[in-house]
Every structure is written in structure tokens, then in C-alpha cells.
Amino acid sequence: MAREVRNVLALQAELAECPLWSTREQVLWCVDILAPAIHRFDPASGELRSFPQQEEVGCIGLREQGGLIAALRSGVWLLDDEGKPQRKLADNPGIAAKSRFNDGRVDPWGNFWCGSLWEPQDKNGGLLCRVTPDGALRVMAQDVKISNGLAFSPDRQWMYHSDTPNEVLYRYPLDAQSGEPGARQRFRQFDAKGGLPDGAAVDSAGYYWSALFDGGRVVRIDPLTAEIVDEIALPVRWPTMVAFGGADLKTLYITSSREHRTAEELARYPQSGDVFAVDVAVAGIAEPLFKG
């Protein structure tokens, strides 16, 4: 039986990304990378607060001390709870004129991970970076075009990471105590005809939920077999990322894009750029907080 997909926020964003549920506030945060802006949405009241940024904002995380950590084009910044810059932690380690940050999140050890994309798309020039609580940034992986799909298994054994245009989902074994990743493994190869692996989240049973860009759906992937075991069809073709929210973490929020879409495409998918929600049977995991 098809599940009801609700349009909960008619954001009409160019490129909505990084949905993030705050269990402390019971609100959904997300970004529009290209506006650029950070949004805070309260589903209970319907209130939307938007905080414009001076440069593209790829991803955000919540901080233990309040406020946000954000990967902007120029580098990684600490922001207050209204999106105002407080302090720059690190520069963009790539060529900022040709690369910007994209997908990312805080890991269970309190570090902030942020990946980048290589805008010319003529080589695998994207990076995956980790910012530790002391503010130090280290490049942890290379050889990707568009860094995406970052998520951590609930048992702290695996980190997932996708490269969207190369149609591949990787995973890394983790040291459960320190969170240090081991060698990259190819976990699943996708077929572009069914959609490209974009942003993702892992549920409390360890299954990986991926938004399939240009596929009009999100899928649930078995952590043992890498097979798709469930999918949710969407009223838009370009979903970008998912997040678990709600009081019981059983609401799956889904962001979407309208970037570079033609008038004909937007007429066919007029809700592109909006935020959707669907109820799921298995709860997600509360997002960790950056300890810096």
C-alpha cells in the first residue's frame, strides 16, 4: 500500500538540502545551498524562519553549546542560532573558486563531517573532510566528484558515503571507540536510470535510506546485502536528502531541488524545491551534536 507523502513546507528552494531534526527544539532545520539561506521550520506551529547567508551553505550541524556549525564555500564556520557567523574554524581545503561544500553531518563522536563537490565535473576533485571539536580540519577522503550520502550506523561500525554522479555508495569500517575510518569499500553500484544516490540517513535498525536524485523516490537499503528492500515514490523527481524527525523519530522528512529545471519540467513537477514528510515504521536516530 502506498504511503501518504505530505508536502509540509512549500519552500520552492533552488536546492534544498541537509534536513536536520533538532530533538531539543522539536524543529526541522535545512538549507537552500544556492539562495543561500538556512531555514528553521516548526511543524507544530507552521512557523518558518529563514536566515540568509553571504555564500553558498552546503551543510549544517547542531552544536552542544547551542547554535550551528556550517560548511560555507569559504570554509567551516560557527554560527549562532540565527545563522550569524561567530567564528571561522577552517578554510575550504579545495580550490574555493571551483569547489564548494555539499553534504555533511555530525558523527556520534561529536565531529563535523563535510564533503565538497568539484564544480567543473571534469575530474574527481571533491573531498570529504572532518572537523574535530578543537576546530582542526582534516581531509579524510578524495577521489569523488560530488560528496554525498554521509551517514553512520547505529552500532558505530560503519560510515556510508556516496558519490552521486559516479553512481556509487561506499562504506568505511569504523573503530567504535575513536570513530577513525578504515579503508573504503564499494557497497552498492547504482544505475542512473533509477536515480542517483544523493543525501541519506540511517534508521535505528541500521538500514540506509537514500534520496535518489532524478529517480523520484527514496529507498531503504539492507546493511547486510546492499539490496533495496523498500521505496517511497515522491511527487517530485529530484529529492536531495532525508532526515528522521518528529517526537518519535518516525517521520521521514525529504528535501528536493528545482535547480536547472526547465519550465516544462517544473510544470510537470510543480512541488520541486519543497519539503515532504512521510510516516515510517522504524524510527531514526537522534542527530549528534558538535562538541566544539
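Which residues form one aromatic cluster? Tyr-160, Phe-187 and Tyr-208 do.

This is a predicted model, in which local features need pLDDT of at least 70, side-chain atom pairs count only at pLDDT 80 or more, and totals for chains, interfaces and linings use all residues. Residues are numbered from 1 along each chain as its sequence is written, and side-chain values use heavy atoms, with hydrogens and water left out.

**Aromatic pairs**

The whole structure holds seven aromatic pairs. Rings of Phe, Tyr and Trp (its six-membered ring) pair if their centres lie within 6.5 Å; planes under 30 degrees apart are stacked, over 60 edge-to-face, the rest tilted. Trp-209 and Phe-244 are an edge-to-face pair, because their ring centres are 6.4 Å apart and their planes stand at 80 degrees. This pair links distant parts of the chain: Trp-209 sits in strand β19 (residues 208-213) and Phe-244 in strand β22, 35 residues apart. Strands are DSSP runs (E, at least two residues), numbered from the N terminus. Trp-209 and Phe-244 are both buried. Buried means under 20% relative accessible area (1.4 Å probe, protein chains only).

**Charged side chains**

Two charges sit over rings. The criterion is NZ of Lys or CZ of Arg within 6 Å of the ring centre and within 35 degrees of the ring normal.

| Charged residue | Ring | Distance to ring centre |
|---|---|---|
| Lys-123 | Trp-118 | 4.5 Å |
| Arg-184 | Tyr-170 | 3.8 Å |

Arg-40 belongs to strand β4 (residues 37-41). Arg-40 is buried, at 15% relative accessible area. Its side chain makes a polar contact with the side chain of Glu-25, at 3.3 Å. Such a contact is a pair of N or O atoms within 3.5 Å, one able to donate a hydrogen and the other to accept it.

**Pockets**

A pocket is an open set of points on a 1 Å grid, with protein on both sides within 12 Å along at least five of seven lines; lining residues have an atom within 4 Å of a point. Volume is the space filled by probe spheres set on the points.

The largest pocket holds about 310 Å³. Of its 17 lining residues, Leu-15, Ile-146, Asp-198, Phe-213 and Glu-259 are closest to the centre. β10 (99-106) and β18 (196-202) each give two or more residues to this lining. By class, the lining has six nonpolar, six polar and five charged residues.

The second largest pocket has about 230 Å³. It is lined by 17 residues, with Phe-152, Ile-285, Ala-286, Glu-287 and Pro-288 nearest its centre. Its lining divides into 12 nonpolar, one polar and four charged residues. Here Ala, Val, Leu, Ile, Met, Phe, Trp, Tyr, Cys and Pro count as nonpolar, Asp, Glu, Lys and Arg as charged, and the others as polar.

Key:
1 Å grid on protein atoms, 1.4 Å probe; cavity = no way out; pocket = protein on both sides within 12 Å on 5 of 7 lines; lining within 4 Å. Helix = DSSP H or I, 4+ residues; strand = E, 2+ residues; numbered from the N terminus. Buried < 20%, exposed > 50% of the residue type's maximum accessible area, 1.4 Å probe, protein only.
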